[in-house]
Amino acid sequence: MADNLPSEFDVIVIGTGLPESIIAAACSRSGQRVLHVDSRSYYGGNWASFSFSGILSWLKEYQENSDIVNESPAWQEQILENEEAIALSRKDKTIQHVEVFCYASQDLHEDVEEAGALQKNHASVISGNPTEAAHSACLPSEDESLCSVICEVPREQTPSSDLETALEIHDVEVTGEKEKYYDNKTCVKSGSEEETSENVPTEEDTALQPKKNRITYSQIIREGRKFNIDLVSKLLYSRGLLIDLLIKSNVSRYAEFKNITRILAFREGRVEQVPCSRADVFNSKQLTMVEKRMLMKFLTFCMEYEKHPDQYKAYEEITFSEYLKTQKLTPSLQYFVLHSIAMTSEKASNTIEGLKATKNFLHCLGRYGNTPFLFPLYGQGELPQCFCRMCAVFGGIYCLRHSVQCLVVDKESRKCKAIIDQFGQRIISKHFLVEDSYFSENTCSHVQYRQISRSVLITDRSVLKTDSDQQISILTVPGEEPGTFAVRVIELCPSTMTCMKGTYLVHLTCTSSKTAREDLEPVVRKLFTPYTETEIENEEVEKPRLLWALYFNMRDSSDVSRNSYNDLPSNVYVCSGPDGGLGNDNAVKQAEILFQLICPNEDFCPPPPNPEDIIIDGDSLQPEASEFSVIPEANSETPKESTSLGNPEEDSR
Amino acid sequence: MHGRLKVKTSEEQAKAKRLEREQKLKLYQSATQTVFQKRQAGELDESVLELTSQILGANPDFATLWNCRREVLQQLEAQKSPEELAALVKTELGFLESCLRVNPKSYGTWHHRCWLLSRLPEPNWARELELCARFLEVDERNFHCWDYRRFVATQAAVPPAEELAFTDSLITRNFSNYSSWHYRSCLLPQLHPQPDSGSQGRLPEDVLLKELELVQNAFFTDPNDQSAWFYHRWLLGRADPQDALRCLHVSRDEACLTVSFSRPILVGSGTETLLLMVDESPLAVEWRTPDGRTRPSHVWLCDLPAASLNDQLPQHTFRVIWTAGDAQKECVLLKGRQEGWCRDSATDEQLFRCELSVEKSTVLQSELESCKELQELEPENKWCLLTIILLMRALDPLLYEKETLQYFQTLKAVDPMRAAYLDDLRSKFLVENSVLKMEYAEVRVLHLGHKDLTVLCHLEQLLLVTHLDLSHNRLRALPPALAALRCLEVLQANDNTIESLDGVANLPRLRELSLCNNRLQQPTVLQPLVSCPKLVLLHLQGNPLCQAVGASEHLAELLPSINSILT
């Protein structure tokens, strides 16, 4: 129960995103008493991953969220005369312009349900309120059939707010006409949902008829638990800060990873594989012998470019793309290096930045495989949870669905001294760490945000077919017009445990210039084709077919400086939400800096002691035991061939 | 403090570790002792299996214990029912696998698995192949596992095509893999057997071209990776030449017959047998080497009885049959002639075996072009330079002579560590070229002066040479093989750094020897000259030994038969 919470902590962390979770783990590891709360019902905030029904509920929450009217602030009575309060927001404004499209045939019956009772991210964990836990554990099934047809959620900022209805269904009628693909006029009001499903020819039992590769919407619903849909699409650089931290802190034991199997490029309307490792170059059929040598030679130079200033000093002032032209590289090699290896664009970087990025890419190559990236099995959302687990092992206390109403500031010292939670309990602490989405309008009135455009697609095949259908690919599609940004495409196969068999989960990410759909739809159109009945006959469709698509914009607060917030006491620290970059260095850097402020001179996440070195007191709780009581069981069905992080240099003894 | 763990200090840790170690050692030693005692007492039962598995499980490299296990298993084979044995084998295989996980490169473990599998009535080879694939997945260069895989593939009669596909997949992953390339070189000749070539035979052209493309991909990707270059050389390499008699020479004066062979052989009872037919009837002779030492040699000779050199007859035919080599050669000594011979010419391409050679010179030519292309991109790559030199040798040694020497110079500059090897290789090529030129000119005079030679080779090809000029080189010795030059009359070796004269012995016709400006220190190094009966003129000016007081007297005493010794 909430009033069972201790009334005093050293550090209170609000929000369970990656940086907050790392800091919570680090503080707990250093002996601080940590309370970690999140008003959401799941871990990770905008770093979370959802099952299919989970993402539908998430969409629904956003819809409901907008209806929430702030309750009468009972907490204000608790504020004493010598105190003032910083009210926290109960509304999450980080997600906008959510649009969902379903292309798979919707032969949906009332009784189609997600297999398996509990939803991973909704299982209430350590919430002090058992009734709430029970509530969330069994989401009513009618909820699911409702949200399955959703929806665009118009919000204040949505340009389409002039539409009459709040709910809009982008239900692509299965007519087989491409022209109707993005036609908003086919929208049907939510009330007609039942009719729609009646129109669809009913199958006797769709579950027993997988039919030749046809994935229906009901199959997606039924196998929804096979999906782990990330809100942010990131990868781990094999030698990035996060990998180092995972290894150093031994948190890596809570997660498993897979190597990205290939780097792709989109050039002249075709998807092709980028040879970047030695083995790729050797095997490449598209490069001539001389190209192979030139590419290897250039990449070898980039590995230690600092040692050869004579080769780049004269070009420091020009862009990296111009520099590449001066090197002995054919146009296709220049394209590969610029867009897929340095992952920059024509104008964005100068020579040094480009060389640095190339070096970083190559430096990460080969540590765990033939590409520089790792992907966590079950999705990026696992990572914050791993750190939370570490925090809990060292005594941190966790409360999901637990919101904080305000921070209490002592007028005299200008320091924050406590929080008041949703039950009105006052909890004292020395340090307060707040994820920035919890701040209210008042606090953030001067803050400017950037936006990230995101899209999540479920498709029926890979963008580049090869012998193996278990490929994990990253593809960079350069922005076409000036002012548009490069789109990063990450395609995940079922063996990453993020999507059901026979499908691929595709994440698109770019810096926003407009809404997510406006930014990303052109790229989606280039790479995919909407799923329609007639094309099933034609097995020779070149592009993968879209079964389902989601677009949304996410706020990027990563470069917001602390000074832009109004009146923050010095012991209130701000964590930003996810940034748009590919790696996680930003989150780790942020966590380490803030940790040093909270615990100066303490080691950041040192490795835990060996179990045999731990002296167990008679009266204190055994650490192993507390671990089980606090944290949900990790996913048990882990595929064999996954990478477990270890220091490979050490393993090779 | 809340949540703070109590952790042992490093001192306590060290102590705990030490105790644990001591405990382990005790267990290990007592188990070992028990095993040895039981073995001595002949108690080869299952308890020995249990004990040895405890030790081997931790340290699979204890070879004696594997032997113990084999003894036990052999014993149990006789005692147990087939079902019990099957269970035993199953456990043993599982145990072996766990040992391999401890040390995937344990000789003893892999060997034991071979032994066990070859004793099974119905071994499950498919599972073994799968095991190899798994271990090579972890470490694609584990040559122990490669060895075992070849054993399994042979036993299970896996089609070579499948194994070739397997090597493909591993080369695709990482081409820097000697084992995989080597396995290809074993599989390809099996897959494409060519008539008239042994297991080292050539490949059909289409296969060869495909392999060349593959290996070119490798060395264009990483020219510093040796494995690809070695495979490249194997692809272009030529099979060992057929055994042959290269030259047969009969001298009436010396009553001597000399033969040279395509490879060094050892003639004598229990080794190689040579048959000599004189005028079609066998003649028993004593064979010896030119330098008198009994060891494998290219050149063998024998004395002929006067009867077989009778000058009354119009001619004598001499035929030498090399039984093991399935080769023979015949020569005729005509009436009134001092000597007769028969030989293969060096101008025949077979004679100087090139490192590289294939049926079609177009293939070599195109390889040379791609290597030159690569060399332009990588001017300092030693493997590329060396391959270019070898390709040029194989294509046309005389045409490319000048270019080859330039490449040698570059190569020596980029690879100073191997300068001496390169000097020797260069010397060898220059000697070959000079021999070719001599034979084209159809003379018996060989000029090898001013060539910067560091070593003499192919001396067995020079059986008929009468005049040899070695002056102005970097030779440090006149090697024993020089004794093969049975017709040599004049030898000039001025201006070298010669210290020893082992080869200038038993040269029956040597008249004149010039050794000016060398490094002959002691008169005793001239000792071998005593055995040259016709030596009358010796030039020794500019050698340290001339500085000694009374040098000429000493020399005259040492070499009484030489008329004039110039010091």
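This is a predicted model: local features need pLDDT of at least 70, side-chain atom pairs count only at pLDDT 80 or more; totals for chains, interfaces and linings use all residues.
Start where chain A meets chain B. The contact takes 26 residues from chain A and 30 residues from chain B. The size of an interface is often given as the accessible area lost when the parts come together. Here the area buried between chain A and chain B is about 2500 Å². Carbon and sulfur atoms give 58% of that area. On the side of chain A, A:F282, A:M289 and A:R293 lose the most area to chain B. Together they make up 30% of what that side buries.

Four salt bridges are found between chain A and chain B. A:R278 forms a salt bridge with B:D225, with the closest N and O atoms 3.3 Å apart. Ten residue pairs are in polar contact across the interface of chain A and chain B, both residues at pLDDT 80 or more. Two helices of chain A, α8 (278-283) and α9 (289-303), each supply at least two residues of the side that touches chain B. α9(A) gives the most, with seven residues. By residue class, that side of chain A divides into twelve nonpolar, five polar and nine charged.

Now look inside chain A. A:A25 sits in helix α1 (residues 18-29). It counts as buried, at 0% relative accessibility. Beyond residues up to four places away in sequence, A:A25 touches A:F387, A:M390 and A:C391.

A:S462 lies in the loop between β18 (450-459) and β19 (473-477) of chain A. This serine is buried too, with a relative accessible area of 8%. Its side chain makes a polar contact with the side chain of A:R262, at 2.7 Å. A polar atom of the A:S462 side chain also lies 3.2 Å from the backbone nitrogen of A:L464. Neighbours within four places in sequence aside, A:S462 is in contact with A:R262, A:E491, A:Y504 and A:P544.

A:D436 is buried at 2% relative accessibility. A:R555 is buried as well, at 10%.

Chain B has its own examples. B:E163 and B:R149 meet in a salt bridge at 2.9 Å, N to O. B:E163 belongs to helix α8 (residues 160-173) of chain B, and B:R149 to helix α7 (residues 143-155). B:E163 is buried at 2%, and B:R149 is buried at 5%. B:E339 forms a salt bridge with B:R444, the closest N and O atoms being 2.9 Å apart. That pair is 105 residues apart along chain B. B:E339 counts as buried at 17%, whereas B:R444 is partly exposed at 22%. Back in chain A, salt bridges that share partners join A:E8, A:D10, A:R33 and A:K430 into one network.

A:C386 is buried, with a relative accessible area of 3%. B:C384 is in no disulfide either, and the nearest cysteine sulfur, that of B:C371, is 5.0 Å away. B:C384 is buried at 0%. The count comes to zero disulfides over all chains.

How values were computed:
Residues are numbered from 1 along each chain as its sequence is written. Chains are lettered from A and ligands numbered from 1 in the order in which they are written. Side-chain values use heavy atoms; hydrogens and water are left out. A disulfide is a pair of cysteine sulfur atoms within 2.5 Å. Buried means under 20% relative accessible area, exposed over 50%, partly exposed in between (1.4 Å probe, protein chains only). Contact means heavy atoms within 4.5 Å. Buried area is the accessible area (1.4 Å probe) that two parts lose on being put together, summed over both. A salt bridge is a side-chain nitrogen of Lys or Arg within 4 Å of a carboxyl oxygen of Asp or Glu. A polar contact is a pair of N or O atoms within 3.5 Å; within protein, one must be able to donate a hydrogen and the other to accept it, and residues adjacent in sequence count only if both atoms are side-chain atoms. Helices (H or I, at least four residues) and strands (E, at least two) are DSSP runs, numbered from the N terminus. Ala, Val, Leu, Ile, Met, Phe, Trp, Tyr, Cys and Pro count as nonpolar, Asp, Glu, Lys and Arg as charged, and the others, Gly among them, as polar.
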